[in-house]
Amino acid sequence: QTVTDLGSGNYQIVFRAVDDTLGAGVKDYTVYVSVDGGAYTAWKRRTTETSVVYEGKPSRKATFIVIACDNAGNVEASPAGVILPSYNPGINLGGVPTAPSLAPMPLPSAPVVEKPSVNPLFLQAEKGIPGAQSPTTPSSFGVVYEPFTAGGFARGLDQSGAGIGALTMAFAPDGKSVLVVGGAGRNSLYRFSLAGGVAATPLATLDVPIYDMIFDRQGNLWATMGGGPLVQIDPITGQIAARLSDGISLGMALHPTTGKIYLSTKNGVEIFDPTTRTFASYSTTRVHSLAFAPDGTLWATTWPEDGSVVKFDRVANAQVVFQFETPATGLAFGRTGTALENLLFIGHGSGGTLT
């Protein structure tokens, strides 16, 4: 393949594959794109074109990988060390019984809940009355609705590509400190007190980017790196203590009763047991972020497709609960016993908004 930078974030990709002499012949291609060093997503699926133009944004850099499939359903291997979304060859093998072409199945919608909200914070926010910003450390939100107020917490973290600042944070079990990841490589780990402040020298600069972090019940700190292993980080030194498995992608959530960690992976959602350090499959639905509701129900945002908010039923089937004009990325539930109880907060990365 050859890639030509056309300027203004646009690229032309020209590619061609040749099958073996006695092979089944090339059937189609899928073009994957990574923006600003992020995870690869399928941009053009199963196309028969050999020259395409990608229209991006002027401030963002894109890289591409093209994978070919033959008429027998054999898919070209991914480059070494690169994790790509699955390539569905969509092959009908014929014969008896007939095998239909595979197609992604849309997720069902969850039943509509007719109960009105009783949380006073939500009822007040629905009125759309502008709230207050901190006079000394204002937030980056253009508007905040009463009764909520907003203020900056940590400042001075170097940004990575596309102007992305702090990427994830974790509250230490001692209740006195907060670990925050940022930096040009999304791999600088900072420690702040609960008062926040200005970033100084990082606690550590790692050799991999960090996308999410969580403490388990034993006080061990775990992190995802956007497609590689699950890593254990020493919360005192900030150094990586262990690397487990592979294909662990983005979000993670701690089960409120079992203490097991639910992980977003290239294959869907998996369950990690910190005690035995073993993994088990949970769902094939691919997700970005994960969070447990107060009743123990697992919720997530879908990825890389449409950024819907889904919840999983008792047999781990995902159902769509909310869809937005700007894709949902992160989510978190208000803690039980606080004023935020029964509230769900949803972040929209591309829109710069919090619902």
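Trainee: Is Asp28 buried or exposed, and what is its relative accessible area?

Mentor: Please keep in mind throughout that this is a predicted model. Asp28 is buried, because its relative accessible area is 3% and the limit for that word is under 20%. This residue sits in strand β3, which covers residues 26-35. If we set aside the neighbours within four places in sequence, Asp28 is in contact with Arg46, Thr47, Thr48, Ile67, Ala68, Cys69 and Tyr87.

Now look at the charge on this residue. Side chains of opposite charge can pair when their charged atoms come close. In the model, Lys27 and Asp28 meet through their side chains in a salt bridge, with 2.8 Å from N to O, and the two side chains are also listed as making a polar contact of 2.8 Å.

In one of them the side chains of Arg60 and Asp36 meet, at 3.2 Å from N to O. Arg60 belongs to the loop between β5 (51-55) and β6 (62-70), while Asp36 belongs to the loop between β3 and β4 (41-47), so this pair ties together parts that lie 24 residues apart in sequence. Arg60 has 32% relative accessibility and therefore counts as partly exposed, whereas Asp36, at 17%, counts as buried. Asp36 has a further feature, in that its phi is near 55 degrees, which is a positive value in a residue other than glycine.

In another salt bridge Arg243 pairs with Asp207, and the closest N and O atoms are 3.0 Å apart. This pair links distant parts of the chain, since Arg243 is in strand β18 (residues 240-244) and Asp207 is in the loop between β14 (204-205) and β15, 36 residues apart. Here Arg243 counts as partly exposed because its relative accessibility is 44%, and Asp207 counts as exposed because its value is 58%.

Arg186 is found in the loop between β11 (177-182) and β12 (188-193). Arg186 is buried yet has no salt bridge, because the nearest side chain of opposite charge, Asp36, is 5.4 Å away, and a salt bridge needs a nitrogen and an oxygen within 4 Å. What Arg186 does have is a polar contact of 2.9 Å between its side chain and that of Ser160. Beyond four places in sequence, the residues that Arg186 touches include Asp36, Ser160, Gly161, Ile164, Val181 and Ile210.

Leu221 touches, among others beyond four places in sequence, Ala170, Leu179, Met213, Val231 and Ile233.

The peptide bond that joins Glu146 and Pro147 is cis, with omega about 5 degrees, and Pro147 is in the loop between β7 (132-133) and β8 (149-150). A cis bond also runs from Trp303 to Pro304, with omega near 5 degrees, and Pro304 is in the loop between β24 (298-302) and β25 (309-312). Ala316, although it is not a glycine, has a positive phi of about 70 degrees, and this residue lies in the loop between β25 and β26 (318-322).

The protein averages a pLDDT of 88, and 94% of the residues score at least 70. Over residues 92-97, however, pLDDT stays under 50, and for this stretch the model has six contacts beyond four places in sequence.

Terms used:
Residues numbered from 1 in each chain as written. Predicted model: local features only at pLDDT ≥ 70, side-chain atom pairs only at ≥ 80, totals over all residues. Heavy atoms only, no water. Helix = DSSP H or I, 4+ residues; strand = E, 2+ residues; numbered from the N terminus. Buried < 20%, exposed > 50% of the residue type's maximum accessible area, 1.4 Å probe, protein only. Lys, Arg positive; Asp, Glu negative; His and termini not counted. Polar contact = N/O pair within 3.5 Å; in protein donor to acceptor, adjacent residues only side chain to side chain. Contact = heavy atoms within 4.5 Å. pLDDT = per-residue confidence, 0-100.
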